[in-house]
Amino acid sequence: MREKRLFGAAVLLASLLCSGRSRGHGLEHSAALDAGGRYVVRWKFDETSITFEIEAETRGYIGFGLSPNGAMASADLVIGGVAGGIPYLHDYFADSSRVVHKDPVQSYKLLYGKENHTHTVLAFSRDLQTCDPKDRAITSGTMRVIWALHNEDVGPSGPNYHGINRGRKSLRFLNPGTNRRVPPETATFDLLNVNVPVPDKDTTYWCQMFKMPEVQKKHHIIRIEPLIQKGHENLVHHILLYQCDSSLNESELDMGHECFHPNMPDSFTTCETVIFAWAIGGEGFTYPVHVGMSIGTDVDPVYVLMEVHYDNPALQTEAVDSSGLRLYYTPRLRTYDAGVIETGVWVSLYHMLPPGMQEYITEGHCTQECLQESLDSEMPNGVWVFAVLLHAHLAGRAIRTRHFREQVELPPLASDDQFDFNFQEFQPLSPEQLILPGDSLITECMYNTKDRQNMTWGLEYYVGGLSTRDEMCLSYLLYYPRVNLARCESLPEITGQLKFIGVKQIQSPLTTWPFVIKSPKRYSNLSFTEAMDKFRWTKKRAKAFNEVVLNLPMNVRCSKIGLDEWSTQGMIVSPPKPKSVLPPVVAMCMNGSESQCHCTVFYILITALMDATGPRV
């Protein structure tokens, strides 16, 4: 018996050593797919293929899949394990009824497998684009990963049902985020809510003001990470950090209040400039080695406001939260100071989405006029964007930040065609992207409102409170060197939107918000939001409305840090008509045989001079 125990210990040690060696061979990315760390995936990739290693707490089979929506239906699956000392791996797929079938094209290649008395390790590889219609292409966007495990191996009749041993997690395999490592001596400070009673309502925004550390000389913040109270991972949806007026009364420090509330402290309204953003699913952000967020100088934040968005659709009661952020800072200065620019659709009720739409597109413009004025004045050689956070709410399906120079489209700064509301974090850019004076950006969001009966509104407090069922369309750009530009956004004019539903006159003077319609009679004395809901929306009308809105004149937002504005703020401009557009990447299979398909990805830039009636973006 003693010899048996010694042999088991030796096998376990050898397995762990082998596992360590395999991870040392380039499997530099990893993620635990469950809260307890029982299922860990590691991976590496190149331009055409990806290699996975899975370590799971089971001696039976391991299941791994890529799903269109996080569910089993239509998922691309691989199932394997070690049986009788011999590793095995099979490529499966689930049909629309969630029935599992063995894929006739086995696209996954087994590399090795091993197990000890508690765990199984399995490694395999595949092409990013297999050209098998039953497989899902692995892209740089969000991938919805599903996983399962069982205590028995796959038998002759196929895998047994896994029961509750399953889960899902969104990841970006080809853009996996930043390294968490910082020098061990790095100092930290925490910004934490303390016992905030979260109301039993769908959405709450809670604001609290803090003072930054008092340092005797300039320092750089080099990493920011969330500190989410255990058990509240789904309650805390996102956290924004704003710079406030540096001459505030310190009596309001550590004072918390519901944001956007009529009774909130006046000092909260001075906090206009976003300096960091975190959203659910993100694990924090480490700045590149040549960039940091500056603190300690006259232009740096002294006071900050932390805005925490609590998402409570189950209306749970008695939740008390103490979540926040941890910031790492050092006196060892980097070359550049980082800044944040908020781009996209100016947050307002004038941003509205009709119900019943499979696809509805909105665009927020960071205009040529705004970037020309601000960058010409501050940084004529341009700024470098090194990370982007794409942000929308529950109706969001895809987002991209498009980039134009002299009206010719360049590759997007960031894009995600499988946007997941529950997985939003900064995407590092490699290489970094240069924005020059006179460039322009479009944050383009695609929504699905198919299951909604009424209009979806741009997030604003005045209509029954804030909600994640309201919408946003934003890109937060981390860049350097820092300039005096905080927001570069646009908003379609409301007049054309009201004209579409037949509004002829609004009541004046404007004494209420939302303002009230005067004529025609069918909308008389209704707020414009009520009038929009009363209109009989059909798919055809909503599609026509979408085309109208995309071509409406737009109001420009071009604001400085704090409450100041550039002169282009408030300008009314028409959406630009580019000289050329960049179509989506096209993947083309060169061989008609699915079993021996070779795939080539073509990046085709079609340059087509367009006249005034031609297609627009």
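Me: Quick one to start: is F173 buried or exposed?
Reply: F173 is buried, with a relative accessible area of 0%. Buried means under 20% relative accessible area, exposed is over 50% and partly exposed lies in between, using a 1.4 Å probe and protein chains only.

Me: And what sort of model is this?
Reply: This is a predicted model: local features need pLDDT of at least 70, side-chain atom pairs count only at pLDDT 80 or more, and totals for chains, interfaces and linings use all residues. Residues are numbered from 1 along each chain as its sequence is written, and side-chain values use heavy atoms, with hydrogens and water left out.

Me: How many aromatic pairs are there?
Reply: The count comes to 27 aromatic pairs. W43 and F173 are one of them: their ring centres are 5.1 Å apart and their planes stand at 85 degrees, so the pair is edge-to-face. W43 is in strand β2 (residues 39-45) and F173 in the loop between β11 (166-171) and β12 (187-192), which puts the partners 130 residues apart in distant parts of the chain. For the cut-offs, rings of Phe, Tyr and Trp (its six-membered ring) pair if their centres lie within 6.5 Å; planes under 30 degrees apart are stacked, over 60 edge-to-face and the rest tilted. Helices (H or I, at least four residues) and strands (E, at least two) are DSSP runs numbered from the N terminus.

Me: Is W43 buried or exposed?
Reply: W43 counts as buried, at 3% relative accessibility.

Me: What about F52 and F173, how are their rings arranged?
Reply: The rings of F52 and F173 have centres 5.1 Å apart and planes at 75 degrees, so this pair is edge-to-face. F52 lies in strand β3 (residues 49-56) and F173 in the loop between β11 and β12, so the pair ties together parts 121 residues apart in sequence. Both F52 and F173 are buried.

Me: Which residues form an aromatic cluster?
Reply: One cluster is made of F276, F285, Y287, Y336, F386, F426 and Y480.

Me: What lies over the face of W566?
Reply: K560 does, at 4.3 Å from the ring centre. The rule is that NZ of Lys or CZ of Arg is within 6 Å of the ring centre and within 35 degrees of the ring normal.

Me: New topic. How many disulfides does a search of the whole structure find?
Reply: The search finds five disulfides (cysteine sulfur atoms within 2.5 Å). Among them is C207 to C259, with S to S at 2.0 Å. The torsion about their S-S bond is about 115 degrees, so this disulfide is right-handed. C207 sits in strand β14 (residues 203-211) and C259 in the loop between β17 (256-258) and β18 (273-279), and the two are 52 residues apart. C207 counts as buried at 3% relative accessibility, and C259 is buried too, at 2%.

Me: What does C366 join to?
Reply: C366 is joined to C488, again as a disulfide with an S to S distance of 2.0 Å. The torsion there is about 95 degrees, so the disulfide is right-handed. C366 lies in strand β27 (residues 360-366) and C488 in strand β35 (residues 487-492), so the pair ties together parts 122 residues apart in sequence. Both C366 and C488 are buried.

Me: And C445, what is its partner?
Reply: C445 pairs with C473, S to S 2.0 Å. The torsion about this S-S bond is about 95 degrees, so this disulfide is right-handed. C445 is in strand β32 (residues 440-447) and C473 in the loop between β33 (456-457) and β34 (474-480), so the pair links parts 28 residues apart in sequence. Both C445 and C473 are buried.

Me: How many residues of β32 are buried?
Reply: Seven of its eight residues are buried.

Me: In which sense do β27 and β32 pair?
Reply: Antiparallel, over seven bridges; strands pair if DSSP finds at least two bridges between them. C366 stands opposite L441 in β32. Strand β29 (residues 396-405) also runs antiparallel to β32, joined by eight bridges, and there R400 stands opposite E444.
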